[in-house]
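Me: I'm new to reading protein models. Can you walk me through this one?

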Amino acid sequence: MNTDVNEQQSWPARVWSVIRGENNEGLLLLIILVLLLILQFSAPGSISLRFAADILRSGMVTLALALGLSMVITSGGMDVSFPAIAIFAGYATVVLLQALGLDGRVWPFLVAALMGLILGSLNAVLVARYRMETLIASLATQVIIRGALIAFVGSAYISTLPAKLGSVGTTSLFHMGGAPVNILIVPILLASVALWYVMNHTMFGRSIYAIGGDKESARRIGIRVPQVQVCIYLVAGTLAGMAGLTHVVLSQHASPFELVGTELNVIAAVVIGGTPDTGGRGSVKGTILGVILVSVLQNSLIRMGISSYWHTLVIGAVILLCVAVQARTMAMRTRTGKILEEAEV
């Protein structure tokens, strides 16, 4: 069907379709380039390798969180508990290390991931077993997890991390324009590649798209919807746990009051990246571009001297614009398909 559609389009339309990409990834890339040009004219000299390093650093935690959330939204769900899961795992891991007098560079991340997996299972049970609305379920777990963190783990600000764990936050993979790029970007990129493979080359990935497209139809063709949903929320929780400790290590301190409230930026990155809130579509490539766009926006606003009070407003406006573009694109594709079907008849 797509081949027939492409053959009947004019060549400029075909070229634009190729540039735009299946989920508007090309359009997103063009928007990023335009933003960079605006920044260059507004604040000459801002575009540099150091600026690129800042984008990478500020986008690392957002990307780790967005990868898990993109699976949830692609399946037609929504999750707002991931920041609470992330900071619980990050903060509790540091508290655990201090209480037991332990230290390490790698295994604490596995502990944080395990905590994230356990906390993510709360969402999995509520959504898959009790069939609660995903937004309501994750709102409830967000409050529960935050309350449990403050009540049972601690509320004190930890200014010094265990030595080996803290050293990870100061270990650079390479430098760009004199600015370090932390080594933690490696596991995050590996997670991105792994998720891309799962979403595009496995039955599990196809099941996620099918559930997001039409849950009942997916069930009728034999997809075990509850089992797939359980796996989605467990993976999302695991990624959130790793992101939480990554945030703690990069910031070189631990506070139970951080990360919560960053939902908007992460949801923005996923939606802007071409994953509609109705599910059934989306790509890891688009999510990465969405994270880059949000990071470029935030860093550009800072360099242009715009108050942080305006950042949320600007990001909200960008979300609204991108959702409108996605809805318009889907409507045009649906209308084009109907016209061609009628022409064939």
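**Core, surface and loops**

Reply: Start inside. The largest nonpolar core has 89 residues, and L65, V94, L245 and I272 touch the most other members. A nonpolar core is a set of buried Ala, Val, Leu, Ile, Met, Phe, Trp, Tyr and Cys residues joined through side-chain atoms within 4.5 Å. Buried means under 20% relative accessible area, exposed means over 50%, and partly exposed is in between (1.4 Å probe, protein chains only).

Me: Which helix gives the most to this core?

Reply: Helix α4, residues 49-74, with 14 residues. Helices (H or I, at least four residues) and strands (E, at least two) are DSSP runs, numbered from the N terminus.

Me: Is this model predicted or what?

Reply: This is a predicted model: local features need pLDDT of at least 70, side-chain atom pairs count only at pLDDT 80 or more, and totals for chains, interfaces and linings use all residues. Residues are numbered from 1 along each chain as its sequence is written, and side-chain values use heavy atoms, with hydrogens and water left out.

Me: Back to L65. What is it in contact with?

Reply: Leaving aside neighbours within four places in sequence, L65 contacts F82, A86, A240, A243 and V266. Contact means heavy atoms within 4.5 Å.

Me: Now the surface. Which residues form the nonpolar patch?

Reply: L56, L173, F174, I183, V186 and L190, with about 480 Å² of accessible area together. β1 (172-176) and α9 (185-201) are the elements that give two or more residues to the patch. Nonpolar side chains (Val, Leu, Ile, Met, Phe, Trp, Tyr) are joined within 5 Å, like charges within 9 Å. Areas come from the Shrake-Rupley method with a 1.4 Å probe; for residues, only the protein chains shown count as cover.

Me: Where is I183?

Reply: In the loop between β2 (179-182) and α9. I183 has a relative accessible area of 33%, so it counts as partly exposed.

Me: New topic. What is the phi of R131?

Reply: About 55°, a positive value, although R131 is not a glycine. Most residues other than glycine have a negative phi. R131 sits in the loop between α6 (107-129) and α7 (134-153).

Me: And L259, buried or exposed?

Reply: Buried, because its relative accessibility is 10%. Phi of L259 is also positive, near 75°.

Terms used. Patch = residues over 30% accessible without salt bridge, like charges linked within 9 Å, V, L, I, M, F, W, Y side chains within 5 Å. Salt bridge = Lys/Arg side-chain N within 4 Å of Asp/Glu carboxyl O.
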